[in-house]
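User: I am new to reading structures, and I would like to understand the words used for them as well as the values. Could we go through them one by one?

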Amino acid sequence: MKPVQLFCWHFMAYPYLDKDFDKKESSGWVTVPNRLWDNSKARGLYQEYIDQLAYADELGFDGMVLNEHHQNIYGLMPSPNLIAAALSQSTSRGKIVILGNLLPLHLNPMRVAEEYAMLDQMSHGRLVAGFAPGGGPETFNYNVPSANTREKFWEAADLIVRSWTEDGPFTHEGRYFPLRYVNLWPKPLQKPFPPVWIPGSRSPSTMTEVAKRGYCYFLSSRSHGGETHRAQQEFAAVLEKHGDKYHPFRFGILMSTYVAETDQQAREECEEGVWYFLKNCLKGHLRREGRQLTYGPGVPYIPAAAWREYLKSYTPGRKLLGDVENWEELEASQSIIVGSPETVTRRIQSLIEKAKVGNLLIQFQLGNMPDHLVRKSMKLFAEKVAPALRQTSLKQFSEEYPGVNFEQSAEAVH
Amino acid sequence: MSGQSIEVNGRKVWLLENGQGAPLLYLHGFADVHSVKENFLPFHEKLAADARVIAPAHPGCAQTDENKDVDAIEDVVFHYLEVLDALKLTQFDLVGACVGGWIAAELAVRHPEKIRKLVLIGAAGLFVQGALIGDVFMHAQPEYGSSYATLREMLFSGPDHPMALEMFPDGKGELEDEVRRYQTLRLGSRIGFKPPYFYNYSLRNRLHRITSPTLVIWGAQDNFVPRSHGETYAKLIPNCSELKIIAGAGHSAQVENPEETAKAVMDFLAQ
């Protein structure tokens with residue numbers, strides 16, 4: 001039995017945009033002009049961000065989370081594996097979660113299998129291996145055709161896991177990645193293989209594929225109203241259908257938080273970073289302003305029948321997270337939880353209680369939030385929020401999921 | 001006009017048919033029958049006055065089954081060879097618009113003997129240095145979550161053309177129209193995204209194989225497939241009579257000016 005696992009997620013935003021960025025530029029993604037990159041300011045930025053993650057390890061977080069993005073100001077990690085390599089040497093305790101490598105962008109999935117195996121060895125078995133198919137922006141900046149992305153993704157994911165578990169050399173007779181000699185050197189340290197996490201946005205087919213393979217499902221939504229709870233129920237039902245049982249460590253969510261001494265102080269300290277994040281980093285991704293590239297008819301990766309279902313209930317021009325106009329709307333979205341340790345504890349507790357989620361992937365650095373505030377918030381969280389969350393979640397999970405061997409099943413089992 | 005599904009190599013192909021006379025195979029584009037509208041548009045009806053017009057929906061479009069093995073233009077060409085066999089069409093007139101024009105040109109370079117006369121309208125398919133085909137996928141992502149103005153501008157002479165507004169309205173469109181639009185983009189993603197965009201580099205060097213009399217029609221302000229592509233087709237197809245420019249029209253000349261476009265096609269076929 002274990003309590004909720006608390007991870008620190010860093011997106012590594014570009015924090016040096018001028019105040020008029022939103023007015024002047026139509027997007028923060030794909031086409032955002034790279035003349036805005038300023039070396040005189042950005043020198044040392046990666047070090048600052050890596051150090052924040054290492055600090056999370058020091059503070060006792062269960063792990064650090066990285067992910068892959070290209071050509072945007074939202075996340076400066078085209079290669080999360082490079083950051084993971086750095087963390088493998090500068091930290092010693094927490095898991096290193098890469099969520100994930102975008103498999104259809106790689107010409108050969110073996111490169112991912114190899115780098116993940118290296119990272120697992122270099123970190124002494126601390127890797128959580130995330131695989132993701134990439135979203136709309138990546139189809140544009142890496143020329144990935146949308147229609148067969150999902151198929152390519154699962155072929156690549158399965159080949160990687162097979163290369164970790166099956167003795168080589170063997171031949172992979174795949175549709176997209178045929179390989180005559182698959183023979184992985186090095187092998188990963190964890191047995192049978194590192195835990196695999198797959199992000200999804202409530203699509204039943206993704207849940208089914210994840211369930212079939214015994215992996216952990218990560219809900220990639222940034223807002224946590226009733227939908228998070230529904231996603232958990234849907235995934236639990238899919239697991240049942242496949243003769244498996246839900247438990248909290250089969251499921252993870254992303255949330256953002258800022259903790260300070262009082263509610264008032266928390267809001268005052270984080271507001272600039274929060275608005276920078278919402279208005280700049282989410283422009284092109286989760287804002288209706290400009291052109292959102294993440295989802296839509298121009299990136300037709302879901303089947304037409306699923307698109308028809310989506311169209312039935314969708315409202316064109318509806319507000320997305322980055323379109324919130326004031327603090328109250330932001331609070332209602334349950335996306336960024338801001339307040340004193342008591343407030344933040346209470347709100348996250350209620351989220352865990354309802355969503356029965358065992359992996360909380362928490363973003364502390366938002367937009368252009370300065371280093372000292374990020375660290376202060378992380379420290380307060382670790383000292384004043386985390387203990388309470390661990391205590392109550394342990395009690396809740398023990399009551400709701402008696403007899404489940406989390407340790408064993410947290411590892412994906414075929 | 002009648003619609004029916006035929007079985008081709010284990011898959012369902014949806015096609016519309018109208019008119020009597022010599023067979024005319026019509027291959028649709030992005031702003032067209034099957035890709036937006038369920039039924040023939042005025043252009044197709046006009047052609048049907050003089051010919052037996054057969055218009056199949058491409059793989060994955062309208063009620064034609066999707067084929068996940070379609071990965072390149074070659075796969076679509078072979079799909080159509082099967083369709084021709086199923087329809088017992090050995091000699092026919094071939095009219096293709098936009099991405100349908102690309103498929104038509106690819107069929108013509110492989111089987112010139114099957115085609116009596118060829119008409120290409122705003123056809124994609126060629127690589128022309130310095131004149132890239134537009135990024136229809138980017139523009140299919142609505143601005144402000146609801147505006148398709150730039151997509152209309154790409155596919156028509158301007159964003160406010162009445163047919164553009166009818167086929168690609170802002171906000172919510174007719175559900176099934178929107179689904180058909182999506183299906184066509186999905187096929188487009190299979191054949192037109194890699195290499196970018198909507199061309200086969202080798203096609204240009206094969207155009208000399210086309211033997212049929214050919215007419216190339218282009219809207220005067222095509223914002224999707226630049227006019228230089230029309231000029232290239234007209235220059236490299238040996239028996240091409242002319243590059244006919246439809247004044248005032250954009251990429252979808254057959255939709256924007258059906259009278260003049262249909263007349264040009266019918267005059268050419270009747271010659």
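User: What makes B:Lys88 count as exposed?

Analyst: B:Lys88 has 7 C-beta neighbours inside 10 Å. A residue is exposed if 12 or fewer other C-beta atoms lie within 10 Å of its own, buried if there are 20 or more, and partly exposed in between, with C-beta atoms placed from the backbone; B:Lys88, with its 7, therefore counts as exposed. Please keep in mind that this is a predicted model, in which local features need pLDDT of at least 70 and side-chain atom pairs count only at pLDDT 80 or more, while totals for chains, interfaces and linings use all residues. Residues are numbered from 1 along each chain as its sequence is written, and chains are lettered from A and ligands numbered from 1 in the order in which they are written.

User: Where does B:Lys88 lie, and what is its phi?

Analyst: B:Lys88 is in the loop between α2 (73–87) and β5 (92–97) of chain B. Its phi is positive, about 55°, although B:Lys88 is not a glycine.

User: Is B:Tyr144 buried, exposed or partly exposed, and how do you know?

Analyst: B:Tyr144 has 16 other C-beta atoms within 10 Å, and because this count falls in between the limits already given, B:Tyr144 is partly exposed. B:Tyr144 sits in the loop between α4 (136–140) and α5 (149–155) of chain B, and its phi, near 55°, is a positive value in a residue other than glycine.

User: Why is A:Pro78 called partly exposed, and which residues does A:Pro78 touch?

Analyst: With 14 C-beta neighbours inside 10 Å, A:Pro78 falls in between the limits and so counts as partly exposed. A:Pro78 belongs to the loop between β2 (63–66) and α4 (80–90) of chain A. Two residues are in contact if their C-beta atoms, placed from the backbone, lie within 7 Å, and, leaving aside neighbours within four places in sequence, A:Pro78 is in contact with A:Glu68, A:His69 and A:His70.

User: How many residues of strand β9 of chain A are buried?

Analyst: Nine of the nine residues of β9(A) (residues 251–259) are buried, and the strand is described as mostly covered. A:Phe251, A:Ile253, A:Met255, A:Thr257 and A:Val259 point one way, whereas A:Gly252, A:Leu254, A:Ser256 and A:Tyr258 point the other way, and all are buried.

User: How do you know that β9(A) pairs with strand β8 of chain A?

Analyst: Two strands pair if DSSP finds at least two bridges between them; β8(A) (residues 216–219) and β9(A) share three bridges, so they pair, and they do so in the parallel sense. In this pairing A:Phe251 is the bridge partner of A:Tyr217. Strand β11(A) (residues 359–363) runs parallel to β9(A) and is joined to it by five bridges, with A:Leu254 opposite A:Leu361. Strand β10(A) (residues 336–339) is also parallel to β9(A), over four bridges, and there A:Thr257 stands opposite A:Ile337.

User: What do β7(B), helix α8 and β8(B) of chain B make?

Analyst: β7(B), α8(B) (residues 227–236) and β8(B) make a right-handed β-α-β unit. The word right-handed is used because, with the strands pointing away from the viewer, the path from the first strand over the helix to the second runs clockwise. β7(B) (residues 214–219) and β8(B) (residues 240–246) pair in the parallel sense over six bridges, and B:Leu215 has B:Glu242 as its bridge partner.

User: How many residues bring chain A and chain B into contact?

Analyst: 25 residues of chain A are in contact with 26 residues of chain B. On the side of chain A, α11(A) gives the most, with four residues.

User: At what angle do α11(A) and α7(B) pack?

Analyst: α11(A) (residues 304–313) and α7(B) (residues 175–192) pack at an angle of about 145°, with their axes 10 Å apart. Here axes are lines fitted to C-alpha atoms, for helices over the stretch in contact, and angles run from 0 to 180 degrees between N-to-C directions. In this contact A:Ala304, A:Trp307, A:Arg308 and A:Leu311 meet residues of α7(B), among them B:Leu175, B:Val179 and B:Tyr182.

How values were computed:
Helix = DSSP H or I, 4+ residues; strand = E, 2+ residues; numbered from the N terminus.
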